[in-house]
Amino acid sequence: MDVLSDLLDGVRARGALFQRTAVSGPWSVRFAGGSPLTLATMLRGKAWIVPDDSEPVPVGTGDIAIMRGRAPYTVADDPATPPQVVVDSADYCTPAHADEAGAEPEGSALLLSGAYTGRGEISERLLLALPEYLVIPADGRRPLFDLLVEEMASDRPGQQAMRDRLLDLLLLSTLRTWFDRSEANAPPWYRASRDPVVGHALRLLHADPARPWTVAGLAAESGVSRAAFARRFTAQVGEPPMAYLAAWRIGLAADLLRDTDATVGSIARRVGYANTFALSVAFKRLRGITPTQHRVTAPPREPGT
């Protein structure tokens, strides 16, 4: 399994929230936050994403924007337009009956947004790999948009499951496109995945993180000497092989602690540690808290709305 596939494997929308917002004239919509990840696109017109603590980001017709984190932000025709509407999770979802089948909401601009409702639907490791805001320009090939818009304007059995899956597919497609862009400043592990030696080692680590890997073992599997492998891996990924593996194991453990009721001991063995004590030592070294403290303080998996 390659690294990106491993990151995206756990992405599952459950009761995702959607909204079509049609506006005219000077307009500004304030999103109060609450979602760990939101996708938005302008089906008609252009807009600006205006974060509270960073520069505005332009979004053209057909562009896809991804917003990470629960911080509030504003979408507007102009960064200077004050918010006219505030949207929170209570009124985010557009009821099916609000859009007659095939009807197109009136307005000079039409914003479509979809939000994941719970932190457990998105891997913490994926969230950490993303910037707070990113925009992928339209490429003229958006069949998923057509399907999603059709589902938004219908009231058919299974439509929530269909919307959830379409949101997942749209996220996966967008992230793969973004990671391939030179200006994306993709994480080192993504760039390194194309190196024949380091990429092979990364696939081995992600396919079986619990295996008792060593630098010598990875080097042998990759067909190079131990010293050459260690230098090449560190140069490509930005950290030594065992440091990368430890961080990845702890990331896996963090997700499992938050999203399952498995014991700390069973999670430790699943991610490559001999027992609870070994996982606790490594977890506290990298995260500053124990696994139990993480489980208590991490936002729980939230049910779909």
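The model is predicted, and local features need pLDDT of at least 70, side-chain atom pairs count only at pLDDT 80 or more, and totals for chains, interfaces and linings use all residues. Residues are numbered from 1 along each chain as its sequence is written, and side-chain values use heavy atoms, leaving out hydrogens and water.

R249 belongs to helix α9, helices being DSSP runs of H or I of at least four residues and strands runs of E of at least two, numbered from the N terminus. Leaving aside neighbours within four places in sequence, the contacts of R249 (heavy atoms within 4.5 Å) include W213, V271, G272 and Y273.

V271 is also one of the buried residues of helix α10 (residues 264–271), together with V264, G265, I267 and A268. These residues are on the same side of α10 because they cover an arc of only 160 degrees around the axis, taken from the directions from the helix axis to the C-beta atoms. R269 and R270 are exposed on the other side of α10. The buried residues of α10 pack against α9 (241–259), α11 (276–287) and α12 (291–297). Just after α10, G272 takes a positive phi of about 110 degrees.

Note on methods: Buried < 20%, exposed > 50% of the residue type's maximum accessible area, 1.4 Å probe, protein only.
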